[in-house]
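Dear colleague,

Please find below the structure that I am handing over to you.

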Amino acid sequence: MSYEATRDRLERYFDRTAAPAWERLTSDAPVSRIRQTVREGRDAMRAALLDRLPADLAGARVLDAGAGAGQMTEALARRGARVVAADISPSLLAVARRRIPAPLHARIDFVAGDMLDERLGAFDHVVAMDSLIHYQAADIGAALARLGRRTAGSILFTIAPRTPLLMLMWAAGRFFPRSDRSPAIVPHADAAIRAALASAGAEGTLRRIARIARGFYISQAMEFRP
Ligand SMILES: C[S@@+](CC[C@H](N)C(=O)[O-])C[C@H]1O[C@@H](n2cnc3c(N)ncnc32)[C@H](O)[C@@H]1O
C-alpha cells in the first residue's frame with residue numbers, strides 16, 4: 001500500500017472509527033485491562049522519548065508528528081518548546097486543543113494535515129510517537145529523509161519491532177475489538193529501516209534507544225540524527 005493510501009486509511013480510522021476509543025485511551029477514564037497495559041506502555045514510551053530531549057526546550061521549534069490527542073504536545077510545550085502539533089485527524093486535534101491548558105496554547109500551532117508537509121517549515125527536533133507504525137519501511141525511510149532535510153537536531157520515532165511475541169499477539173488480533181480495529185501495524189527490523197533510509201538517500205545516524213513491552217503494547221524507540 002502506498003504512503004498516501006496508508007495515510008488516507010489512517011485518517012478515516014483515527015478521525016472517525018477510533019476517535020472515541022483514542023480519546024478514552026489517552027484520558028484517565030477507566031479502560032479494559034488490556035487497554036490499561038497499552039496506556040501504561042504508552043506513558044513509559046512518552047517518558048523514554050522525552051528523556052532524549054533537553055529538559056529546557058525554550059526557544060526550540062519541535063514537530064509533534066501525528067500529535068493525536070496531544071499528550072506529547074503538552075509535555076513539549078511544558079518544557080518551553082514552540083510546538084507544531086500536526087495530525088491528519090481534525091477531531092483528535094480538537095481533543096488536544098480542549099485538553100491542553102489554555103496558557104500553553106500560545107506556544108502551540110495545531111495543524112490539521114500531513115505531518116510531512118514542507119509548509120510546516122524547519123525544526124530543531126521532531127517526535128513521531130506511534131505515528132509511523134502503520135507504514136511500510138520504505139515510507140518510513142522516505143519520511144525520515146524528508147524531515148531530516150529540515151531538522152537540526154534529533155528525529156525521535158517509534159516502530160513496532162519484529163519480535164516473535166508481537167507477531168503472535170497481532171495475529172491473535174485482540175488489540176482492539178473488531179468494530180474499531182486499527183489498520184494493520186507493520187512490524188520492522190532495525191535493518192529494514194536502515195536500508196530504507198539509505199535508499200531514500202538520507203544521511204545520518206540511526207540508533208535504537210528503548211524498547212517498551214507492557215502487555216499488549218510493544219514498541220521500539222529510535223533516534224535518527226541527520
Ligand atoms: C497511534 S496515534 C499516536 C498519537 C500520538 N503521537 C500519541 O502517541 O499519543 C497515530 C497518529 O498519527 C496520525 N497520523 C498518521 N499518519 C499521519 C500523517 N501522514 N500525517 C499526520 N498525522 C498522521 C494519526 O491520525 C494518529 O492521530
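Two residues are taken to be in contact if their C-beta atoms, placed from the backbone, lie within 7 Å. Leaving aside neighbours within four places in sequence, Arg99 is in contact with Ala69 and Gly70. From C-alpha to C-alpha, Arg99 and Gly70 lie 7.9 Å apart, although 29 residues separate them in sequence.

The model is a predicted one: local features need pLDDT of at least 70, side-chain atom pairs count only at pLDDT 80 or more, and totals for chains, interfaces and linings use all residues. Residues are numbered from 1 along each chain as its sequence is written.

Arg99 belongs to helix H5 (residues 90-99); helices (H or I, at least four residues) and strands (E, at least two) are DSSP runs, numbered from the N terminus. Arg99 is partly exposed, because 15 other C-beta atoms lie within 10 Å; the term covers counts between the limits for buried (20 or more) and exposed (12 or fewer), with C-beta atoms placed from the backbone.

As to the chain, there are eight helices and seven strands. Buried residues account for 38% of its 226 residues. Of the contacts in the chain with a separation of 6 or more, 73% join residues 24 or more positions apart.

Around the ligand there are 19 residues, each with its C-beta atom, placed from the backbone, within 6 Å of the molecule. The closest are Phe14, Gly66, Gly68, Met115 and Ser131. Helix H1 (3-17), helix H4 (71-78) and strand S2 (82-87) each give two or more residues to this shell, and H1 supplies the largest share, three residues.

Yours sincerely
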